[in-house]
Amino acid sequence: MTNFEKWNKEFRSQNLFAFNSNENALMWLKVRAVCRGKQIQQFLVNNDITLTSSKIAEQNVELFEMLETMPNAMQLLDAFLNERNHEWYNTMGIDEENLKNDLYKVHHYAWGGDQNNSLDKHLVSRYVKVISNYDELQSKQNEIADNAWNYVQTSWYNNWTSYLIESLFKRHKNVISAVGEIKSVDFFLNNNPIDLKVTFFPNQYMEEKLKIKLGKRELTWLKQKAREVGIAVDCTQTDSQQLYTLSEKLAEIGRNDILEELKNKRKEVITDAQSNVLELMTWLYANQGEMRFGAENRLFLILVDSTNMNESWKMKRAFALIEPKVKDYLDHFNEDSLKEINFRFKGNQYKSLADVIFVVK
């Protein structure tokens with residue numbers, strides 16, 4: 001088996017841990033980043049390299065095997081990836097300050113559909129295949145328009161906040177961008193392949209830890225407190241609607257002490273997670289969605305509004321808080337920063353390297 005075949009097999013089997021601390025494996029990843037469309041042609045021209053293959057897949061193999069024999073191969077790849085990264089920023093022509101201000105024009109964060117599916121699937125399942133009467137369908141025009149707008153607006157917000165946050169990493173001197181072309185690798189941080197995950201504090205993890213602290217589920221605890229002060233509970237509502245309704249009713253009668261107790265318990269969970277990042281990261285790997293499963297090295301940027309977790313979506317544009325945290329982390333990144341994670345998923349055992357940057361308001 002050639003080295004190319006070896007690393008290709010490891011990559012496809014999700015054994016990305018094998019790529020850590022191995023220069024040949026690292027070169028395989030960087031060649032993979034270069035071997036895309038016009039990029040490989042530009043790399044060949046820049047470095048006066050001629051390949052006999054004409055298909056991209058075959059060029060990928062040929063280029064890797066050629067670079068294996070060249071002592072300066074890694075320098076050539078790094079220089080090219082850095083150049084392409086800067087070129088990407090320049091050609092995008094985005095006024096980032098104006099974009100940051102525009103993000104504050106988004107006043108609510110609502111998918112208007114199902115964030116797990118495409119908008120067309122949501123519309124088909126909710127309207128096309130359910131409503132047989134045309135007049136009834138026509139009466140839903142405003143609702144459909146609102147759904148579509150909410151979906152587009154939230155997707156737009158997520159896209160451009162992600163672009164700006166990722167830019168903070170990719171412009172740092174210790175980072176070499178993969179130019180967004182390798183599945184499972186966004187950039188190389190001190191030559192560690194990294195997949196950046198910008199996320200909010202996981203609701204399920206919060207629920208599990210709150211259950212331990214409260215002795216019961218959060219909603220069950222809140223229902224009990226509400227009944228103790230004479231508030232009726234409408235169990236026909238969804239769990240999220242019950243939480244909202246009970247919280248509002250408790251606030252109306254001045255029982256903020258109950259809400260404050262619950263808020264403090266949530267803050268305790270967040271504080272505990274910051275003190276035990278290994279447990280949280282292992283949970284995040286083990287509880288990821290099957291469709292987006294990956295065992296790659298991950299750097300989690302976790303955004304939390306500890307005063308109101310429902311408002312954590314606004315933290316994605318809080319660059320005054322995010323930027324110094326990211327810079328400090330990258331400035332002080334060292335060989336001990338990434339922690340080894342061992343986790344099981346669908347009956348299989350995996351190993352990865354990961355770390356967390358918390359941005360907490």
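How many nonpolar, polar and charged residues are in the lining of the largest cavity? A few notes follow, colleague to colleague.

1. This is a predicted model, where local features need pLDDT of at least 70, side-chain atom pairs count only at pLDDT 80 or more, and totals for chains, interfaces and linings use all residues. Residues are numbered from 1 along each chain as its sequence is written, and side-chain values use heavy atoms, with hydrogens and water left out.

2. The lining of the largest cavity has 5 nonpolar, 2 polar and 1 charged residues (Ala, Val, Leu, Ile, Met, Phe, Trp, Tyr, Cys and Pro count as nonpolar, Asp, Glu, Lys and Arg as charged, and the others, Gly among them, as polar). Lining it are Leu16, Phe19, Ser184, Val185, Pro193, Ile194, Glu296 and Asn297; lining residues have an atom within 4 Å of a point on a 1 Å grid over the protein atoms alone, and the points of a cavity are those where a 1.4 Å probe fits but cannot get out.

3. Phe19 also belongs to a cluster, linked by ring pairs, with Phe4, Trp7, Phe11, Trp28 and Phe64. Rings of Phe, Tyr and Trp (its six-membered ring) pair if their centres lie within 6.5 Å, with planes under 30 degrees apart stacked, over 60 edge-to-face and the rest tilted.

4. Two charges deserve a look: lysine 30 lies over the face of phenylalanine 188, 5.1 Å from the ring centre, and the charged end of lysine 351 sits over the ring of phenylalanine 17, 5.0 Å from its centre. The criterion is NZ of Lys or CZ of Arg within 6 Å of the ring centre and within 35 degrees of the ring normal.

5. Asparagine 15 and serine 352 are 337 residues apart along the chain, yet their C-alpha atoms are separated by 8.5 Å.

Conventions:
1 Å grid on protein atoms, 1.4 Å probe; cavity = no way out; pocket = protein on both sides within 12 Å on 5 of 7 lines; lining within 4 Å.
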